[in-house]
Amino acid sequence: YVGDVFQCYLFFENQTHMLAVDQHAFHERILYERLIQNPSLLTSSEKLIIPEAVSLTPSQNSNLQRLHETLEEIGFRITYLDTTTLEVLAIPCLLKSKDISSVITDLAEVVDADNLKDKAQAILSPIIATIACHSAVRAGESLTKDELTALLAEAKQVDFFHNCPHGRRVFRWFHKHEVERWFDR
């Protein structure tokens, strides 16, 4: 490990290559793989001290209502107040200290519950991707040495892919010769 740049990119080196890693996409991919392998990690729920009201469009609200059972299975407790407002009573523990309104809005957009044939997995996968995204370290957040060590240890425990669940590149390799050419060597 060499260091981080812009509180967003992690850099590593070996004898012939340099590796640049997007810390958010990397952490998101790790969380996604861990949750897909073991969805029961989502069943732990955190009751909110003060329920949070979230305003949505009528179609977003309707979509979430159709997903209500699935969301309850993974730790959400939601009450629908009217066609545009809901109240979040509990969230999966992974989302503690996250922007609940943003999570709910993204979940309302992530799947079209009416157009799914294999609903169980087809619904769960994009929901897990959204939860992994909102749970992951963000650009602009610094990782402590212990957090980085834990993240790298977690990466060894999952099957890894080149992209995050939303398709963004996680890392990029640069050969030593490429880096040398940057400086006319």
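**Charges, burial and sheet pairing in a predicted model**

Author: The protein carries 18 positive and 26 negative side chains, with the centres of the two sets 6 Å apart. The model is a predicted one.

Reader: What makes a side chain positive or negative in this count?

Author: Lys and Arg count as positive and Asp and Glu as negative, whereas His and the chain ends are not counted. The 18 positive and 26 negative side chains are counted on that basis.

Reader: How do you know which residues count as buried, and what percentage of the 185 residues do so?

Author: Buried means under 20% relative accessible area. Of the 185 residues, 39% count as buried.

Reader: Why are strand E4 and strand E5 said to stand at the edges?

Author: The open sheet of three strands has the order E4-E6-E5, with antiparallel pairing. Strand E4 (45-55) and strand E5 (77-80) each have a single partner strand, so one side of each is left without a neighbour in the sheet. From one strand to the next, the twist averages 15°.

Reader: How do you know that E5 and strand E6 pair?

Author: Two strands pair if at least two bridges are found between them. Among the bridge partners, Tyr80 has Leu86 in E6.

Reader: What makes helix H4 a helix that packs on the sheet?

Author: Helix H4 (residues 100-110) touches E4, E5 and E6, where contact means heavy atoms within 4.5 Å. The direction of H4 makes about 70° with that of E4.

Definitions and conventions:
Residues numbered from 1 in each chain as written. Predicted model: local features only at pLDDT ≥ 70, side-chain atom pairs only at ≥ 80, totals over all residues. Heavy atoms only, no water. Buried < 20%, exposed > 50% of the residue type's maximum accessible area, 1.4 Å probe, protein only. Charge placed at Lys NZ, Arg CZ, Asp CG, Glu CD. Helix = DSSP H or I, 4+ residues; strand = E, 2+ residues; numbered from the N terminus. Axes fitted to C-alpha atoms, helices over the stretch in contact; angles between N-to-C directions.
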